[in-house]
Amino acid sequence: MLGGIDPFILIASLIAASVPILLAALGEAVVERAGVLNLGVEGMMIMGAVTGFMVSVATGSPLLGFLAAMAGAMALSLIFAFLTQVMLANQVASGLALTLFGLGFSSLLGQGYVGVKPPLTTAVPFGPLADLPVIGEILFSHDWITYLSLALVGLVWFVLNRTRTGLILRAVGENAEAAHGLGYKVRRIRLLAILFGAALAGLGGAYISLVRVPQWTDGITAGAGWIALAIVVFASWRPLRVLAGAWLFGGLTVLQLNLQAAGSGIPVEYLSMAPYLITIIVLVLISSGKGRALDAPAALGQNFHASR
Amino acid sequence: MSDLLRIEGLGKTYPGVVANADVSFAIRPGEIHALLGENGAGKSTLVKMIYGLVRPDTGRMTLHAQAYAPTEPRAARASGVAMVFQHFNLFEALTVAENVALGMENPPPMKTLSARIAQVSGDYGLPLDPARRVGDLSAGERQRVEIIRCLLQSPRLLIMDEPTSVLTPQEVAILFATLRKLAAEGVSILYISHKLEEIRSLCDGATILRRGRVVASCTPRDKTAGELAEMMVGSALSAPARQPGAKGDVALEVAGLSLASPIAFGTALKDIRFAVRKGEVLGIAGVAGNGQDELLLALSGELRTAPGMVRIGGKDAGALRPTQRRALGLVAAPEERLGHAAAPDMTLTENALLSGALRRGLLGRGGFLRWGQAKDFASEIIASFDVRTPGPGAAARSLSGGNLQKFVVGRELLQSPSVVVVNQPTWGVDASAAASIRQALLDRAAQGAAVVVISQDLDELLEISDSFAALNGGRLSAPRPAQGLTVEEIGLMMGGAHGMEVAHASA
């Protein structure tokens, strides 16, 4: 079937393949729900990829690597936060600058690390559960970051929809003036959201360099940040749909690799184009002003300045 | 009886402007007190000082016989002062309950809160479903959300800034009943308005402001509306003079006009039909957001329509652009003055040229501009409409709202049009300027133009219209003669009290 592709392995590998974009998209969804459009996801991911790689090689600990990845991406995002929240610079331009800067800076940092092997992040030992047919392969064969990312989906959903913190965050993204009028600190809330988004993007980036590939090369994220941005819109800014979107895009990537391996009749180029093509279409949809129809946060991309 | 709130010698000066000077008055518990004044008289600054949004330069306030100087709205709310703003502080994508929760310091869990909203809104005759999204509510229902948010915090003083400007007459009646009930329970209400009849029927006392100072205080029931207006404006106002002339042929005809809205959360136009004859003034009422902006765009030519939907002087104009419609004699003045009717950073001469080029012959051979004539045209507008400005070289942005409105309306009326379409011609304009704009529209009609006035101000429409129709949800009621219409009937044409009836009269 499907030219010799095993569907269960396919599902298991799409779950693993979608972890980086899932984490980055989940973080960006929170940032955008607070009304901030940070197009620097790609830059933050690759900063996370390089800092995570360096620290885990230096210490031999994947855990420390992942923590460093979060810190590295958060540090980079502070530039964006300063530009947009303090200097009130245009969010789209600042986000693009962040991506360009992150790509270049990570390449500089990672110069001595090309060809180095990072310490291995192993699968969580589920013992006999992992040996179950089908279910074991799909559910119990992953590493702890994968399970963490799935738990985060539920956590973000709960906080956004069931807690006062989430309500205030959504209010800020919906109408910053009104939130300010009611006495909420718009800029502080947005800064925290940006940092949270950066932490998840960094984690996703490190997952690529420490688990998926695992090694360091320049531009290792290869557009995953852009795909994450598209997933956020595709998911109408909702955490559970972000999961579905990540699996869809992750599935496309995996299927494309498998079809290549299986010698499919469709030219490889079309298959490798597919995720990016869909990304472009979705990104065009956001910027064409049809955002409202897609249920976008009303204040998305608008800077706020307290005038009274 | 001791006063709830006492204000003594309150003053606030902004660079170049005295917003308030030496303002003193007092409110008793359970009193509905009106703050009356024209736009720019200093009402808003005064209540912002009471609500802690603005700090006074001089003077002092006492609440419950204790010194009161709130530094932020939170402090004012803690002292029992609540405010319903003219422009709502609401979140469209969130539900009613979520909006209420955001306005409270320590909200109870959502379930409890929803139950309390349902209960309090029922008690005060302001039905609200806590689970609905605010974006789907009418303006009147949105105001209820603001009021309920205040009431759940058991205020002692409720400030209401121009609360009726977005309501239908039926909704106003419901609101007044609620306010009276609150007053009977001992809540004091500070009611800001420039609508005289409302104040006469609702308020126990009134303080009248002019140019930031208290010019009079009175018991509104003992005064006539004319006397109140005179105190407010400082001089007697004359009602516009009109000579009922014979009506001519149909100059503008709209038939089966249906159009999707280009505006987010806008209202599509649905099968609109009316005809306006030469010399006739058609008044179109409706609460904001019921299709007024879309109708103006469709008539001016900024939105084009299918053939036959709009006819100017018998010619099909559906496919024509604004300039081509001007050539047929239709001029239009949209509601938004800065950025739509006028380019803010361009001079009055340039703005005069932008719309008057064609009908006033300001374009020379080969497309060159005739600056001399353009400047003369701008000067003519300034002179004949009493626009207060240094001259035609001033930027449109530098004019006050009322002056720019006079300029914009004057610019269109001086192009000897055969059809005039205006949206909110006197919004935010002081009473004397509004009176002169209305007079100019009537004069133009008397000279044989068909005039369409879209407005939310019912008094204005009844004053100048020959026939009257109302927009509700993108539909236009059948035009009726304005003479003899009661406010009740108009209210029903406007859709009655939104969300309070099973069936809509106009559906």
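# Briefing on a predicted model

**Chain B as a whole**

- Chain B contains 16 helices and 21 strands, and along the principal axes its C-alpha atoms fill a box of roughly 75 × 50 × 40 Å.
- Of the 507 residues in chain B, 54% are buried.
- When contacts in chain B between residues at least 6 apart in sequence are considered, 67% of them join residues that are at least 24 apart.

**Helices α12 and α13 of chain B**

- Helix α12 of chain B, covering residues 371–384, and helix α13 of chain B, covering residues 401–413, have axes that come within 9 Å and cross at roughly 120 degrees.
- The crossing in which α12(B) passes α13(B) is right-handed.
- On the side of α12(B), the contact is made by B:Phe377, B:Ala378, B:Ile381 and B:Ile382, while α13(B) contributes B:Phe407, B:Gly410 and B:Arg411.
- Sorted by class, the residues in this contact of α12(B) with α13(B) are five nonpolar, one polar and one charged.

**Helices α7 and α10 of chain A**

- In chain A, helix α7 (residues 144–162) packs against helix α10 (residues 186–212) at an angle of about 155 degrees, and their axes lie 12 Å apart.
- Because angles over 145 degrees count as roughly antiparallel, α7(A) is described as roughly antiparallel to α10(A).
- The crossing of α7(A) past α10(A) is left-handed.
- From α7(A), the residues A:Ile145, A:Thr146, A:Leu148, A:Leu152 and A:Val156 meet A:Phe196, A:Leu200, A:Leu203 and A:Tyr207, which belong to α10(A).
- The contact of α7(A) with α10(A) has eight nonpolar residues and one polar residue, and it has no charged residues.

**Residue Ile9 of chain A**

- A:Ile9 is found in helix α1 of chain A, which spans residues 7–17.
- The relative accessible area of A:Ile9 is 45%, and this residue is therefore partly exposed, given that the partly exposed class lies between the buried limit of under 20% and the exposed limit of over 50%.
- Although A:Ile9 and A:Phe140 are 131 residues apart along the chain, their C-alpha atoms are separated by 12 Å.

Technical notes. Residues are numbered from 1 along each chain as its sequence is written. Chains are lettered from A and ligands numbered from 1 in the order in which they are written. This is a predicted model: local features need pLDDT of at least 70, side-chain atom pairs count only at pLDDT 80 or more; totals for chains, interfaces and linings use all residues. Side-chain values use heavy atoms; hydrogens and water are left out. Axes are lines fitted to C-alpha atoms, for helices over the stretch in contact, and angles run from 0 to 180 degrees between N-to-C directions. Helices (H or I, at least four residues) and strands (E, at least two) are DSSP runs, numbered from the N terminus. Angles under 35 degrees count as roughly parallel, over 145 as roughly antiparallel, 65 to 115 as roughly perpendicular and the rest as oblique. A crossing is left-handed if the near helix is turned anticlockwise from the far one by less than a right angle, and right-handed if clockwise. Contact means heavy atoms within 4.5 Å. Ala, Val, Leu, Ile, Met, Phe, Trp, Tyr, Cys and Pro count as nonpolar, Asp, Glu, Lys and Arg as charged, and the others, Gly among them, as polar. Buried means under 20% relative accessible area, exposed over 50%, partly exposed in between (1.4 Å probe, protein chains only).
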